[in-house]
Number of protein chains: 2
Amino acid sequence: MKIVIIGVGLIGGSFAKDVKRLHPEAEIIGVDKSESHLDEALQLRIIDKKGGYTDLQTADMVFVGIPVDVLMAELPKILDASGEETVVMDAGSTKQSICEQVADHPKRRNFMACHPIAGTEFSGPTAAFEGLYTGKTMIICEVEKTAFKLQERALAIFQKIGMRIRYMNPRAHDKHIAYVSHLSHISSFMLGKTVIDKERNERDIFDMAGSGFESTVRLAKSSPDMWTPIFEQNKDNVVETLEEYIQNLITFKQLILDNDFKNVHQEMSNTNKIKQILKGIPLTKK
Amino acid sequence: MKIVIIGVGLIGGSFAKDVKRLHPEAEIIGVDKSESHLDEALQLRIIDKKGGYTDLQTADMVFVGIPVDVLMAELPKILDASGEETVVMDAGSTKQSICEQVADHPKRRNFMACHPIAGTEFSGPTAAFEGLYTGKTMIICEVEKTAFKLQERALAIFQKIGMRIRYMNPRAHDKHIAYVSHLSHISSFMLGKTVIDKERNERDIFDMAGSGFESTVRLAKSSPDMWTPIFEQNKDNVVETLEEYIQNLITFKQLILDNDFKNVHQEMSNTNKIKQILKGIPLTKK
């Protein structure tokens, strides 16, 4: 089996590690615009060798883990270069623009639109680790547009890795992911900003910060290169979630200002049901 | 050594466990308005026996871990009942109201105003665990108002547990803790609310939620009984932090609406420096 990983960072690199574990005989070829990332990936044995788009013609499987703006530009070229029997999977956090971008591509049937719900706030080959995907959800969009034989090949790998598969249309994906992922990132970034701005001259104050703060601002460590194009491609949904979030914060603030602590309590009590919801979310162990 | 723990939940119970580890000979007496919590604490060997305020007269040390509204009412009575040689420490997340409440108490010198920066989103005796305080910060306010000998006794315990001590005035404590703790909780609760409201009828959607979402809404599992009085007592500071946070969110949303993704990137990039800040925060391992 010949597998090409385009983008050998956290997402592509971790996928490569899982595939290598399951298929030690597989040849894993890395493609990345960063030569130093490729060197790191080689050194970390994430890939077997460096390659290029010329390797796509004979690849069984191509996994693309690159920022979604680069993906928009590269995916048509990747499909152009792929063989008739190659399955190309992306891992982009937006799906509608991506699916539209290749909707009329002559090799659309070679593409499977994927979004693995997995990741950490770190990036690059050094962030990659075996097991990132185990127990996580793989969302697949427009599965009917992928050739059946190629679907099977991709699904077999995902199932061996231990992922649960969910099928969705790209519009629904982008709408819901704005709530459960994109909004979390913005709330975290702005929380970090608010505190940094305030406490700029009082470094000792961070002695007062506990694990609760750490947890809520963890995502503010995320890569702006990755997240800026996600917010751009999912602009309408992201703005909608932000407006609702801001309105909820304004309402909560007003309850405090009005000394309506009965309803402050009630709001928190209603939201405690998140406990039940979170039970279903597999944690990333690393 | 005779130690009375008032409130045998996560905070008081974990303190009891650390003290017992360091001083196996200590007699640990539990006081709690909940009889079932006392029974649990006995069963979990958090306390050696149940007691009441009559035990305070002969106690060497009293640790009070109860919601701050109850603390306001009980602390004067606790000091009334304490002996001349008893040191009473609280663990309240607000300090100004508490310190004002006992400013003129005849036994003010028996009180040490404390806020350990430690906790989890869970509560009750079953949430208590050994090591919660290890490596964490203990903030002490108005230390000069505590009798020197009693300061020494309290500090000896904190140091043995492995806490780092920081001295602050109550006003500064309440101002800064609003940023690094209270705001995190509200941002998390409102994030949880926004998502629950939206996704009420689409339970499967939470399959799409990953560990990033889990991390940012973790604090929304926290106890409303504990947090409502904190927001009430620290109302002015909490409202100020909320206003700044909301303004930052509005500005970020506007950048997206204006397609100003250069500045969206810049904002996130500036906030990435939170990485350095977070390095100083000890994580709660459990």
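Q: In this predicted model, how many residue pairs are in polar contact across the interface of chain A and chain B?
A: Welcome to the place where the two chains meet. Counting pairs with both residues at pLDDT 80 or more, the rule finds polar contacts across the interface of chain A and chain B. The number of such residue pairs is 32.

Q: Which helix gives the largest share of the side of chain A that touches chain B?
A: Several elements of chain A give two or more residues to this side, among them β7, β8, α7 and α9. The helix with the largest share contributes 21 residues, and that helix is α6(A).

Q: How many salt bridges does the rule find across the interface of chain A and chain B?
A: One pairing you can look for joins the side chains of B:E240 and A:K198, 3.0 Å apart from N to O. Across the interface of chain A and chain B, the number of salt bridges found is 8.

Q: About how much area do chain A and chain B bury between them?
A: Contact here involves 87 residues of chain A and 87 residues of chain B. Of the area buried between the chains, 70% is on carbon and sulfur atoms. The total for chain A and chain B is about 8,800 Å².

Q: Where in α3(A) does a kink of about 40° lie?
A: Helix α3 of chain A covers residues 68–81 and reaches 19 Å from its first C-alpha to its last, close to the 20 Å expected. The buried residues of α3(A) include A:V68, A:L71 and A:I78, and the elements that its buried residues pack against include β1, β4 and α8 of chain A. The kink comes shortly before the proline A:P76, at A:E74.

Notes:
Residues are numbered from 1 along each chain as its sequence is written. Chains are lettered from A and ligands numbered from 1 in the order in which they are written. Side-chain values use heavy atoms; hydrogens and water are left out. Helices (H or I, at least four residues) and strands (E, at least two) are DSSP runs, numbered from the N terminus. The expected span of a helix is 1.5 Å times one less than its number of residues. The bend at a residue is the angle between axes fitted to the seven residues ending there and the seven starting there. Buried means under 20% relative accessible area, exposed over 50%, partly exposed in between (1.4 Å probe, protein chains only). Contact means heavy atoms within 4.5 Å. Buried area is the accessible area (1.4 Å probe) that two parts lose on being put together, summed over both. A salt bridge is a side-chain nitrogen of Lys or Arg within 4 Å of a carboxyl oxygen of Asp or Glu. A polar contact is a pair of N or O atoms within 3.5 Å; within protein, one must be able to donate a hydrogen and the other to accept it, and residues adjacent in sequence count only if both atoms are side-chain atoms.
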